[in-house]
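User: I would like to learn how to read the features of a protein model, one at a time. Could you take me through this one?

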Amino acid sequence: MTTIESIVAGGLGRSRVIFTPEFKGTKEAQMENLFSLTGINIKNVQANEETILRYLGEITAEGWEMFQVIPLTQTLTSGGTTGQGIFMTRYMFRKAK
C-alpha cells in the first residue's frame, strides 16, 4: 500500500492511496488535498489519517502483517523552491505466519 499526499497550494494537488496488487478490488482510493487556498487544511489532514488507519486495520484484519514502512518526500525545484511536492509512504505487508 502506498499513500501519496500532494503539497500544492490552492488545493490543486491530488492525494491517493494505491494498492499493488489491488486490495478487495480496489487499486486506488482518493484522499483529501493537504492544502487549501488559505494554507494547510487540518480537517483534510485528519481525514487522511482516518483513511490510512482504516485501510491499515482492514489489511491486518485480512491476515497481513506490516513489516516495513518507507517514508519518502519529493520537492519540485527549478531555480529555487516551488512550494510543490509530495509526501509518499510505502507500507510493506506479508502474510502473517
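User: Let's start with salt bridges. How many salt bridges does the structure hold?

Analyst: Side chains of opposite charge can pair when their charged atoms come close. The rule used here asks for a side-chain nitrogen of Lys or Arg within 4 Å of a carboxyl oxygen of Asp or Glu. By that rule the structure holds 4 salt bridges. One of them joins the side chains of Arg-16 and Glu-28, at 3.0 Å from N to O. Before we go on, a note on the source: this is a predicted model, where local features need pLDDT of at least 70 and side-chain atom pairs count only at pLDDT 80 or more, while totals for chains, interfaces and linings use all residues. Residues are numbered from 1 along each chain as its sequence is written, and side-chain values use heavy atoms, with hydrogens and water left out.

User: Where do Arg-94 and Glu-65 lie?

Analyst: Here is another salt bridge: the side chains of Arg-94 and Glu-65 meet at 3.0 Å, N to O. Arg-94 lies in strand 7 and Glu-65 in strand 6 (residues 64–77), so the pair ties together parts that are 29 residues apart in sequence. Arg-94 is partly exposed, with a relative accessible area of 40%, and Glu-65 counts as partly exposed at 29%.

User: Which residue forms a salt bridge with Glu-58?

Analyst: That partner is Arg-54, with the closest N and O atoms 3.7 Å apart. Both residues lie in helix 1, 4 residues apart, which is about one turn of the helix. Glu-58 is partly exposed at 25%, and Arg-54 is partly exposed at 43%.

User: What does the charged end of Arg-54 sit over?

Analyst: A charge sits over a ring if NZ of Lys or CZ of Arg is within 6 Å of the ring centre and within 35 degrees of the ring normal. The charged end of Arg-54 sits over the ring of Tyr-55, 4.7 Å from its centre.

User: How many aromatic pairs are there?

Analyst: Rings of Phe, Tyr and Trp (its six-membered ring) pair if their centres lie within 6.5 Å; planes under 30 degrees apart are stacked, over 60 edge-to-face, and the rest tilted. This structure holds 2 aromatic pairs. In one of them, the ring centres of Phe-19 and Tyr-55 are 4.9 Å apart and the planes stand at 70°, so the pair is edge-to-face. Phe-19 lies in strand 2 (residues 15–23) and Tyr-55 in helix 1 (residues 42–61), so the pair ties together parts that are 36 residues apart in sequence. Phe-19 is buried at 5% relative accessible area, and Tyr-55 is buried at 10%. Ring pairs link Phe-19, Phe-23 and Tyr-55 into a cluster.

User: Which residues of helix 1 are buried?

Analyst: To see a helix face, look down the axis and take the arc of the directions from the axis to the C-beta atoms. In helix 1 the buried residues are Asn-44, Asn-48, Thr-51, Ile-52, Tyr-55, Leu-56 and Ile-59. They fall within an arc of 130°, so they line one face of the helix. On the other side of helix 1, Ile-42, Lys-43, Leu-53 and Ala-61 are exposed.

User: And the backbone: which peptide bond is cis?

Analyst: For this, read omega: the bond from Thr-20 to Pro-21 is cis, with omega near 0°. Pro-21 is found in strand 2. For phi, turn to Lys-24, where the value is near 50°, positive in a residue other than glycine. Lys-24 lies in the loop between strand 2 and strand 3 and is exposed at 56% relative accessibility.

Methods:
Helix = DSSP H or I, 4+ residues; strand = E, 2+ residues; numbered from the N terminus. Buried < 20%, exposed > 50% of the residue type's maximum accessible area, 1.4 Å probe, protein only.
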